[in-house]
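This report describes the structure shown below.

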Amino acid sequence: MAAIELKGLTKVYPGGVKALDSLDLEIPDGEFFALLGPSGCGKTTLLRTIAGLETATGGAIVIGDRDVTGVQPGARDVAMVFQDYALFPHMDVTDNIAYPLRIKKVAKAARAEKAREVGERLGLAHLMDRRPGQLSGGQQQRVALARVMATQAQAFLFDEPLSNLDARLRLEARTFLKKLQRELGVTTVFVTHDQAEALAMADRMAVMENGLIRQIGTPAEVFQRPANTFVASFIGSTPMNLLDGQVRGERLEVAGCKLPVPSSVEGRLSEGEQIVYGVRPEYMTYSAEPVEGAFGGRVSIMENLGAAHLVTLEVNDTLVQVVVPEGSEPPLGAEGFAVPKDGRALVYRDGNVV
Amino acid sequence: MTRHIVGRIGFYTLIALLMAFFTVPLLWLAAAPFTSDPTYEVSLPDFTFTNFQAILEHPYALGSLYNSLLLAVGTAVLVVLLAALAAYALSRVRMPGRDALLYALLLLSSIITGTAAMVPLFQLAVELNLIDSQLGLILILTGGLLPAAIFMLKDFMDSTPKSYEESARVFGASPLQIVGHVVVPLVRPGLATIGVWAIANVWGNFLMPYLLLSDIEKQPGAVIMFTLYTEGGQANLPLLSTFGLLYSVPVVLMYLFVSKKYGFRFHGGIKR
Amino acid sequence: MAQATSHPKARYSADAAGLGTPRAAAFIAPAMALIAVFLVFPALWVIYLGLTNYRLTGLAAAEPQFVGLDNFVKAVSDEGFWNSAWLTVQFVLGSAVIGQVVLGFTIAWLLRDRQGPLKRVVEGLVILAWILPGAVVSFLWIALLDRDGGTLNALLGIPGFAWLLDHPMLSIIIFNTWRGTAFSMMLYGAALGNVPPSHLESARLAGASGWQQLRDVVFPHIRGHILTNLLLISLWTFNDFTPFLLTAGGPDHKSEVLAVHVYNVALRGGELGFGAAVSTIILLINLVVAVFYLRLLRRKS
């Protein structure tokens, strides 16, 4: 097991496209770390650069206390699960799991034994003679996991490990993966474009955009306090309300409503300043009665979220969304008020949180 | 309703005519070998096998089939081996000038045909002392088939995910181990297709061996077949029919094998 | 030690197996060497030969002389060359552009929605004509067309009709149509399979007749395939040497297409220089068609 450290890591593709822009990152030993971002943000390039499948154009990668920047992928002591699992179609499950050991010249009997042991642990015991083509998506994923476990590598790298599973299986696999990682205690970096997946599984995560890391933190930190409007709009299953506003005396004027200045930014704003006011729909309470310091408007759309409703208020031509628990849905067209919870409303100046 | 019936009648008439057009020329090959004393006209065979005796007695017939096999397999092995190496490197490594090279290959394979190159190839064979050399002919045939083979195989390899190789690589496999453990098993269907394609091409090729092999003991089936029906005197129909059949059967079997095993993959130029 | 060091030796970027450029070059080299010696060099040499008075035997065989464009001038003013060129045009237009395309498309269209034995048998027969060795099918047609004992004359009730002697061009055109239709049939079969059924269905719902469906839905969809097919089979037919096996160009040069003409002039007649000039012209024509074809491919991708 080992920590991973990136120092000023840069990757420029031939043709000048900057996929990674001088990244610094420390992943402590045993952590389950997520790389999250929209497609094209560089998260997969970063993972592949750690694996050695891409060559860094600048900076350094340290695994444990070894600088592996110029080292061949096979000599880095990492193991990787690919998005399509890359199980060799011409080998059965045993041979697939044992393949890394075959490369390490482990005797045939010993590696079959190891494959059986790992396979058993992942519930594959009855499938060991099958070819990957005869397995379901979930089984294939577990074979791919078994294969990296057989390597006993210093770190695991997962590229979108859940994206090839159907929606139901994905939730199950999420729990399974998290449990497995905890038990093995191997430093694991995984790439995903699904913010819910990253929030659910990771110990810590990095949100990336255009080759840059926009925020690093625990899922709770990133969800509650997005460092910038990009992260704010990317994280969360319902989009965060990001509304233009202005500082007016002791109040903020947003969408024509007067709101109290959040306590976290008190004294750090100047009069008349243009700001962006950010608050998640989940961090507001709904009231049918007029409330001081709230968004007041007309209920224009209701969306069912299952156990709650997402209510869209039309507030002076601006749309503000608020989550309402089941049982207290307002009728369409009614007058309603959304009250930001103190400590959960954020103010952004030039795109960054104040 | 009547329109429908007229349409059906029209359809089956057309199909029957087409089938007749494509079947009638083939009938002789099916019937004559099994007919005692066959003539040019197709007649119902009496299912004799005496005609095959003629093959055994002919001094060059069986030998020519062996020569065909030698040329075809020799060329196919060379084509598959060399094309696979080149196609793999071209598919996986982005080298400077790669696209231009591929374009040139495609262009070459379509413009330099046996017809256009027969004069200089004959000259070349004379200069290099390759007349009557089966190895020389194999090399010339290989050179002619390689561009198309490289192109088809590269296409095939491009459609094979790279993640298999990358995965093996992260586990520490060396490039040669990757090729041996992963790439060759994965592209085996492509290699088989190209092999069969090359064999079929050489097996049926008449011009090059006709041009470059004058020693009758070295000539393949195509040339012997031609000699059998153009040499003076009355054509030996029992011999021609049985030899033609024996010489054709491997091609048909190969076709059946390929279409059964891989489905008839449409490669644009599976046969030229 | 772990400072921002750069790694200019991008040893394995864009290289899935970590092969590296030197090894990759070594993989490509043997194939390229064979292609260079036995394909490219002959093509270049034929141009040079065309500029000499090379002969198979005699004085000029030992010491060929540079004669400039004489051979080309001779070719262009030679009646035999123009005769062959005209016959080649007939051969390509008749057997490929008309025969194979029309027949191939017709079969593909008739069988487009069919499954089962009928389709398999018809396709199998057409493909059989294509895959059997040229030397064998040539003789099958010689037998079929034989003046006195041939099956065709017996079927048509016209004994003594000398197909190969009196109508050699017609014979090789029909022969080559028969031999080469399979490619067009398969290509159009694949193309028709790619016409979205919903387009045909909406045309049918709008009341379009069979012909209207063909014109308005099918042809616009497969236009690219038709062009590809035309260029490829024209190229192949143009370079086809099989007529030699049937008529050897005769009688009296009446079926001597260019491919056969080159052979007869250069290798039978021994005039290598003159034959090379004709070969060069063939190469140029091939080049023009191939460039058209590759342009088309590139536009499609």
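The sections that follow go through selected features of this predicted model.

**Contact between chains B and C**

In chain B, 80 residues are in contact with 73 residues of chain C. Helix α1 of chain B, residues 2-31, supplies the largest share of chain B's side, with 13 residues. By class, the side of chain B that touches chain C holds 58 nonpolar, 13 polar and nine charged residues.

For chain C, an unreviewed UniProt entry lists "domain: ABC transmembrane type-1" over residues 86-293. That stretch of chain C is 78% helix and 0% strand, and its end C-alpha atoms are 23 Å apart.

**Domains of chain A**

The domain assignment divides chain A into domain 1 (4-234) and domain 2 (241-353). Taken over C-alpha atoms, the centres of domain 1 and domain 2 of chain A are separated by 39 Å. Where the two domains meet, eight residues of domain 1 of chain A and nine residues of domain 2 of chain A take part in the contact. On the side of domain 1, the largest share is three residues from helix α8 (residues 229-234) of chain A. The classes on that side of domain 1 of chain A are three nonpolar, four polar and one charged.

UniProt, in an unreviewed entry, lists "domain: ABC transporter" for residues 4-235 of chain A. Residues 4-235 of chain A are 37% helix and 25% strand, with 25 Å between the end C-alpha atoms.

**A buried helix in chain B**

Why is helix α7 (residues 163-170) of chain B described as largely enclosed by the rest of the structure? Seven of the eight residues of this helix are buried, so the rest of the structure largely encloses it. The buried residues in α7(B) are Y164(B), E165(B), E166(B), S167(B), A168(B), R169(B) and V170(B). They pack against elements of two chains: α1 (43-51) and β6 (78-81) of chain A, and α8 (175-204) of chain B. After α7(B) comes G172(B), which has a positive phi near 100°.

| Strand order (chain A) | Number of strands | Pairing | Average twist from one strand to the next |
|---|---|---|---|
| β6-β7-β8-β3-β9-β10 | six | mixed | 20° |
| β15-β19-β16-β17-β18 | five | antiparallel | 45° |

Helix α4 (residues 137-151) of chain A lies across β6 and β7 of chain A and runs at about 175° to β6(A).

Strand β16 (residues 295-304) of chain A and strand β17 (residues 308-315) of chain A are antiparallel and pair over six bridges. Here M302(A) is opposite V311(A) in β17(A). In general, strands of a sheet pair through backbone hydrogen bonds, in either a parallel or an antiparallel sense.

Definitions and conventions
Residues are numbered from 1 along each chain as its sequence is written. Chains are lettered from A and ligands numbered from 1 in the order in which they are written. This is a predicted model: local features need pLDDT of at least 70, side-chain atom pairs count only at pLDDT 80 or more; totals for chains, interfaces and linings use all residues. Two residues are in contact if their C-beta atoms, placed from the backbone, lie within 7 Å. Helices (H or I, at least four residues) and strands (E, at least two) are DSSP runs, numbered from the N terminus. Ala, Val, Leu, Ile, Met, Phe, Trp, Tyr, Cys and Pro count as nonpolar, Asp, Glu, Lys and Arg as charged, and the others, Gly among them, as polar. Domain bounds come from an automatic or database domain assignment. UniProt positions are given in the numbering used here, feature names are shortened, and annotations may be inferred rather than shown by experiment. A residue is buried if 20 or more other C-beta atoms lie within 10 Å of its own, exposed if 12 or fewer, and partly exposed in between; C-beta atoms are placed from the backbone. Two strands pair if DSSP finds at least two bridges between them. Axes are lines fitted to C-alpha atoms, for helices over the stretch in contact, and angles run from 0 to 180 degrees between N-to-C directions.
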